[in-house]
Amino acid sequence: MDAKGKLKVMFLPFPGQGHLIPMSDMARAFSGRGVRATIVTTPLNVPAIRGTIGKGSDLDSDSEIEIVSIKFPCAEAGLPEGCENTESVPSPDFVPAFFKATSMLQPQLEHLLLQHSPHCLIASAFYPWASHSAATFNIPRLVFYGTGVFALCASECLRLYQPHNNLSSDSDLFVIPHLPGNIQMTRMMLPDYAKTDGETKFSELLKAIKESEVASLGVIVNSFYELEQVYADYYEKLQGRRAWYIGPLSLCNQQQDKGKRGKEASVDEGDILKWMDSKKANTVVYVCFGSIANFSESQLREIAKGLEDSGQDFIWVVRRSDKEWLPEGFERRTEGRGMIIWGWAPQLLILNHRAVGAFVTHCGWNSTLEAVSAGVPMVTWPVSAEQFYNEKLVTEILEIGVPVGVKKWARIVGDSVGSEALEKALKRIMVGEEAETIRNRAHKLSEMARTAVECNGSSSCYLTDLIQHLQSIARLQNCPKSS
Ligand code: UDP
């Protein structure tokens with residue numbers, strides 16, 4: 001413990017919003033329990049973390065979260081200068097260099113471990129070397145994957161049993177072996193890195209990640225036990241590691257300024273609230289594909305047409321500033337019933353407004369869980385990473401969403417979904433008896449999510465257990481550490 005008897009925990013998030021945001025929320029949750037939290041990141045990501053934790057607002061000096069920045073070795077890894085997070089990677093060709101840069105952070109992290117002497121290191125899974133660094137300093141390391149446990153189980157079953165290697169066609173359906181729920185997928189839906197039969201840089205990284213999990217104290221999952229109970233139980237059997245389900249982390253960070261979550265919103269909060277207030281309950285569709293997914297212009301035009309033809313009110317987040325690709329007259333024809341946010345949206349503010357009736361999402365785990373927490377049904381449009389697994393969870397296990405019908409994993413979205421498919425899915429999720437049933441289910445899950453983070457709720461108990469566990473390890477280390 002430090003001079004005041006406090007546990008000190010260091011957080012090392014992977015530099016992408018999907019990790020930066022939930023790990024900032026997590027630091028808030030720990031600091032709310034009297035833990036001294038230090039978040040390590042690179043200079044470009046400091047303002048986003050600051051915004052997410054609401055630094056300087058309601059936190060007293062004792063529970064202040066410290067942010068320490070380290071240099072991101074862009075030049076050394078062959079990246080353009082300033083390319084310090086996944087959003088700033090100029091094209092998929094630079095992804096290997098980006099991972100190389102993250103692998104070069106180890107000496108700087110170890111220097112900080114020496115300087116700050118925390119009692120525990122919580123690091124994103126993409127830093128497999130973090131378990132070794134923590135062991136060097138004789139402290140436990142916890143792994144944060146940034147995904148739910150269903151996706152962890154699905155990808156582990158695929159990695160272990162490789163059911164997709166002997167199929168005659170990429171579109172043949174196969175069942176994921178040993179995964180509860182009889183989940184069917186095609187080879188086309190699998191991430192590139194899961195499909196490669198031989199050793200590649202990314203499959204090597206995945207192997208290293210699994211080994212580092214074995215060397216860790218366990219896994220922290222941004223989910224709540226009741227949401228993925230079957231898979232939570234299965235994961236511990238499959239991996240033999242302990243897992244703590246302490247989410248939804250967005251609900252543990254109620255104090256933050258929602259307009260600055262992740263990044264400064266590109267729209268005035270007051271304006272958007274006024275617009276949503278003018279709408280009836282459950283009538284607005286919110287469309288947003290996270291912080292990384294890229295869509296071709298022709299695909300964007302199909303989305304525009306689908307939204308227009310559906311007749312539904314909408315808020316659509318488009319992460320670009322040029323408008324030439326918009327269908328002629330689109331903004332005029334949809335004026336009053338549609339709003340485009342050019343850039344970054346205050347997503348939590350929008351999802352939690354009563355006007356929002358559905359969320360067209362790429363199924364990034366944070367977006368998915370934020371929709372669950374807000375009780376908003378989803379139209380699922382997975383793109384890459386583990387998003388096709390999340391789609392299965394939402395549509396087939398939880399039954400709170402309908403698929404738009406994407407068939408292929410892709411780093412850049414071409415013309416995969418026509419406007420009619422979007423229009424059809426929107427009608428299905430917004431109107432009629434099926435929509436009502438799905439909405440009721442979504443509302444129940446939202447209540448369960450809120451209960452989980454309340455006092456004596458499952459997530460709250462997991463967090464208490466984890467902190468007590470770390471405190472007892474710190475005491476056993478029997479070496480007083482200075483703050
Ligand atoms: N987000 C946001 N505004 C946006 C886009 C995204 O606040 O305009 C937030 C969203 O609420 C979520 C995170 O960014 O917390 C995106 O994480 P997710 O796992 O959903 O997707 P990724 O960006 O990692 O693909």
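This is a predicted model: local features need pLDDT of at least 70, side-chain atom pairs count only at pLDDT 80 or more; totals for chains, interfaces and linings use all residues.

Mentor: Residues are numbered from 1 along each chain as its sequence is written.

Trainee: How many helices and strands are there in the chain?

Mentor: Helices (H or I, at least four residues) and strands (E, at least two) are DSSP runs, numbered from the N terminus. The chain has 19 helices and 17 strands. Its radius of gyration, taken over C-alpha atoms, is 22 Å, close to the 23 Å that the globule rule (2.2 Å times the number of residues to the power 0.38) gives for 483 residues, so the chain is as compact as a globular protein of that length. The C-alpha trace spans about 65 × 55 × 45 Å along its principal axes.

Trainee: What describes two packed helices?

Mentor: The angle between their axes and the distance between the axes describe them. Axes are lines fitted to C-alpha atoms, for helices over the stretch in contact, and angles run from 0 to 180 degrees between N-to-C directions. Here the axes of α15 and helix α18 (residues 433-453) come within 6 Å and cross at roughly 100 degrees. That makes α15 roughly perpendicular to α18 (65 to 115 degrees; under 35 is roughly parallel, over 145 roughly antiparallel, the rest oblique).

Trainee: Which residues make the contact of α15 with α18?

Mentor: Residues are in contact if their C-beta atoms, placed from the backbone, lie within 7 Å. Val372, Ser373 and Ala374 of α15 meet Leu445, Ser446 and Ala449 of α18.

Trainee: At what angle do helix α1 and helix α2 cross?

Mentor: The axes of α1 (residues 17-31) and α2 (residues 46-53) cross at roughly 45 degrees and come within 9 Å. That makes α1 oblique to α2. Leu20, Ile21, Ser24, Asp25, Ala27 and Arg28 of α1 make the contact with Ala48, Ile49, Thr52 and Ile53 of α2.

Trainee: Which residues come nearest to the ligand?

Mentor: A residue is near a molecule if its C-beta atom, placed from the backbone, lies within 6 Å of it. Of the 19 residues around the ligand, Gly18, Gly290, Ser291, Gly364 and Ser367 come nearest. The elements that give two or more residues to this shell are α1 and α15 (365-374), and α15 gives the largest share, 4 residues.

Notes. Two residues are in contact if their C-beta atoms, placed from the backbone, lie within 7 Å.
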